[in-house]
Amino acid sequence: MDSQLKQPYITGHTRLTGLIGGNVRESFSPEMHTVSFAHSGIDAVYLSLNVPPEDLELAVEGARALGFMGLNVTMPHKTNILPYLDELSPAAKLMGAVNTVKFTEDGIAIGYNTDGEGFTRNAMENGVVLKGKTMTIVGAGGAGSAVLGQCAMDGVSVIHVFNIRDEYFDKISTRLADISSATGAKIELYDLADTVAFARCVAESDIFLNATKVGALGMEDECVLPEELLHEGLVVADTVYNPKVTKLLTMAQAHGNKTLAGIGMLLWQGSIAEEIYAGKAMDVEYVEQALFA
């Protein structure tokens with residue numbers, strides 16, 4: 001971290017915010033938002049708050065009572081938090097998941113989902129056009145669902161989704177059908193084990209996204225996309241941000257494909273979240289240079 005960065009200074013007006021979830025101690029979010037608050041002059045502190053599932057309702061009510069300006073939400077609470085909120089944004093309602101909560105001055109808790117918008121904003125900033133395109137996504141969990149929902153809202157025409165056929169597969173299928181009906185995008189769910197369908201879908205896609213943990217620390221040598229399926233013009237994206245450049249992105253870059261790193265999605269979703277609950281968007285370029293250069 002830049003040694004010249006100002007340290008947080010607590011005042012009588014300092015507001016509270018933070019990340020709630022399970023196993024949040026390794027998250028980049030506290031560093032990211034602390035640097036951003038100091039740079040932007042936001043009088044707030046950002047905490048990492050490990051909340052067991054059975055204490056989720058108490059945590060939301062406690063944050064409301066203590067006057068938190070907002071929260072970020074990660075697994076396993078993104079869906080389970082819905083009953084404890086007063087309102088949902090259109091994106092959060094469509095995706096059935098929340099990653100950002102704003103507490104209004106009168107204590108109303110409003111849920112948002114900035115994950116998908118973080119991806120689409122990062123794509124736009126890197127000159128990637130989404131409207132009218134065909135996309136293949138591996139992983140229909142929290143990140144994948146948020147991205148495909150936002151992409152459908154933003155005009156992606158066709159989205160091929162591949163997921164392991166587990167006990168959630170039918171539930172995922174129903175949710176994707178609802179998103180397709182609401183947005184007009186053609187969304188198809190496939191078993192990840194169907195390698196023939198996978199190869200066909202990637203071949204006709206303009207954008208490929210890994211929305212699984214494959215390639216993250218502990219799985220650095222793994223990749224969800226066989227190298228032989230890369231083709232000219234394919235934009236290759238990852239939601240993994242640690243390491244900053246995954247095996248998937250390294251492989252794609254070596255073939256001359258344009259890539260979108262997960263760190264960009266992380267920063268932009270954080271910027272949008274700050275604008276929601278703090279009233280000022282993060283300076284993404286500054287924070288990236290300070291923490292990840």
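A: Let us begin with handedness: a crossing is right-handed if the near helix is turned clockwise from the far one by less than a right angle, and left-handed if anticlockwise. The model here is predicted. In this model, α1 and α9 cross in the right-handed sense.

Q: Which residues of α1 and α9 make the contact?

A: Helix α1 contributes Met32, His33, Ser36 and Phe37, while α9 contributes Leu266, Leu267, Gln269, Gly270, Glu274 and Tyr277. Sorted by class, this contact of α1 with α9 comprises 5 nonpolar, 4 polar and 1 charged residues.

Q: At what angle do the axes of α1 and α9 cross?

A: The axes of α1 (residues 29-40) and α9 (residues 262-278) cross at roughly 55 degrees and come within 11 Å. Therefore α1 is oblique to α9.

Q: How is a sheet read, and what is the order of the strands in the open sheet of 6 strands?

A: Strands of a sheet pair through backbone hydrogen bonds, in either a parallel or an antiparallel manner. Here the order is β9-β8-β7-β10-β11-β12, and the pairing is parallel.

Q: Which strands stand at the edges?

A: The edges are β9 (186-191) and β12 (259-260); each has a single partner strand, so one side of each lacks a neighbour in the sheet.

Q: How many bridges join β10 to β11?

A: Strands β10 (residues 207-210) and β11 (residues 235-238) run parallel and are joined by 4 bridges. Phenylalanine 208 stands opposite valine 236 of β11.

Q: Which strands does helix α5 touch?

A: Helix α5 (residues 142-153) packs on the sheet and touches β7 (134-138), β8 (158-163), β9 and β10. The direction of α5 makes about 170 degrees with that of β7.

Note on methods
Residues are numbered from 1 along each chain as its sequence is written. This is a predicted model: local features need pLDDT of at least 70, side-chain atom pairs count only at pLDDT 80 or more; totals for chains, interfaces and linings use all residues. Side-chain values use heavy atoms; hydrogens and water are left out. Axes are lines fitted to C-alpha atoms, for helices over the stretch in contact, and angles run from 0 to 180 degrees between N-to-C directions. Helices (H or I, at least four residues) and strands (E, at least two) are DSSP runs, numbered from the N terminus. Angles under 35 degrees count as roughly parallel, over 145 as roughly antiparallel, 65 to 115 as roughly perpendicular and the rest as oblique. Contact means heavy atoms within 4.5 Å. Ala, Val, Leu, Ile, Met, Phe, Trp, Tyr, Cys and Pro count as nonpolar, Asp, Glu, Lys and Arg as charged, and the others, Gly among them, as polar. Two strands pair if DSSP finds at least two bridges between them.
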